[in-house]
Amino acid sequence: MLYIANWSIVLLLFALWSLAAWAFHGVLVWAVTVAPTLTGPAADLSSVPVPAWLLQFLPVEAIQGLIVALTETWALLAGFLQAAPSVATGVSVVTWTVWGLGSAVLLAVGAGIHLCVSLWARRSSGAARRATH
C-alpha cells in the first residue's frame with residue numbers, strides 16, 4: 001500500500017511540475033512574442049493583447065491590476081523587453097532542461113522512498129519472524 005501511495009504522490013508532483021513548466025513556458029513565449037510591439041519608454045501596455053486562455057483563469061480586475069503594475073515599472077522592464085527577441089531562442093531550451101532535471105529529481109526521490117519502504121518492510125517482517133521463534 002505504501003508503494004502505491006509513494007508513486008501516486010510522485011506522479012501527482014510530476015503532473016504539477018509539468019503543468020508549471022508548460023505554463024511558465026507559455027507565458028514567457030507570449031511575453032517575448034509581444035515584446036517587439038512595445039517600443040519606447042512610454043509604450044501603452046493597455047494595448048497589449050491578452051491571451052484568451054488567460055482570461056479563463058484570471059478575473060479582468062486582476063489582469064488590469066497587472067497591467068497597471070507593469071506600466072509603473074516600465075523603466076525596469078524596458079531594457080529586458082528590447083533584448084527579448086534575442087532571448088527567445090533560449091527560452092524553450094532552458095525551460096525544458098530545468099523541467100527534465102526536476103523530473104529526474106522527482107523520479108530519484110520516488111525510487112529512494114520506494115527503496116526505504118522496501119527495506120522497512122523487509123526489516124519488519126524479519127523482526128516478526130524472530131519474535132515468533
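**Group meeting: helix α1 and its neighbours**

Let me start with the nonpolar patch: helix α1 gives the most to it, with six residues. Helices here are DSSP runs of H or I, at least four residues, numbered from the N terminus; strands are runs of E, at least two.

First, the ground rules. This is a predicted model, where local features need pLDDT of at least 70, side-chain atom pairs count only at pLDDT 80 or more, and totals for chains, interfaces and linings use all residues. Residues are numbered from 1 along each chain as its sequence is written, and side-chain values use heavy atoms, with hydrogens and water left out.

Confidence next. pLDDT is the predictor's confidence in each residue, from 0 to 100. The chain's mean is 81, and 75% of its residues reach 70 or more. Helix α1 has the highest confidence, at a mean of 90. Helix α3, residues 60–72, has the lowest, at 80.

Now the layout. The protein chain has four helices and zero strands. Helix α1 covers residues 2–34 and has 33 residues. From first C-alpha to last, α1 reaches 48 Å, close to the 48 Å expected at 1.5 Å a residue. That expected span is 1.5 Å times one less than the number of residues.

Back to the patch. Which residues make it? Ile-9, Leu-12, Leu-13, Leu-16, Leu-19, Trp-22 and Trp-96, with about 730 Å² of surface. Nonpolar side chains (Val, Leu, Ile, Met, Phe, Trp, Tyr) are joined within 5 Å, like charges within 9 Å. Areas come from the Shrake-Rupley method with a 1.4 Å probe; for residues, only the protein chains shown count as cover.

Is Trp-22 buried or exposed? Exposed, because its relative accessibility is 55%. The cut-offs: buried is under 20% relative accessible area, exposed over 50%, partly exposed in between, with a 1.4 Å probe and protein chains only. Trp-22 sits in α1.

Helix α1 has buried residues too, among them Ala-21 and His-25. Both touch Thr-95, as does Phe-24, not counting residues up to four places away in sequence. Contact means heavy atoms within 4.5 Å. Thr-95 lies in helix α4, residues 74–132. Thr-95 counts as buried because its relative accessibility is 6%.

Last, the whole chain. Buried residues make up 21% of its 133 residues. The chain exposes about 9400 Å², and carbon and sulfur atoms supply 77% of that.

Key:
Patch = residues over 30% accessible without salt bridge, like charges linked within 9 Å, V, L, I, M, F, W, Y side chains within 5 Å. Salt bridge = Lys/Arg side-chain N within 4 Å of Asp/Glu carboxyl O.
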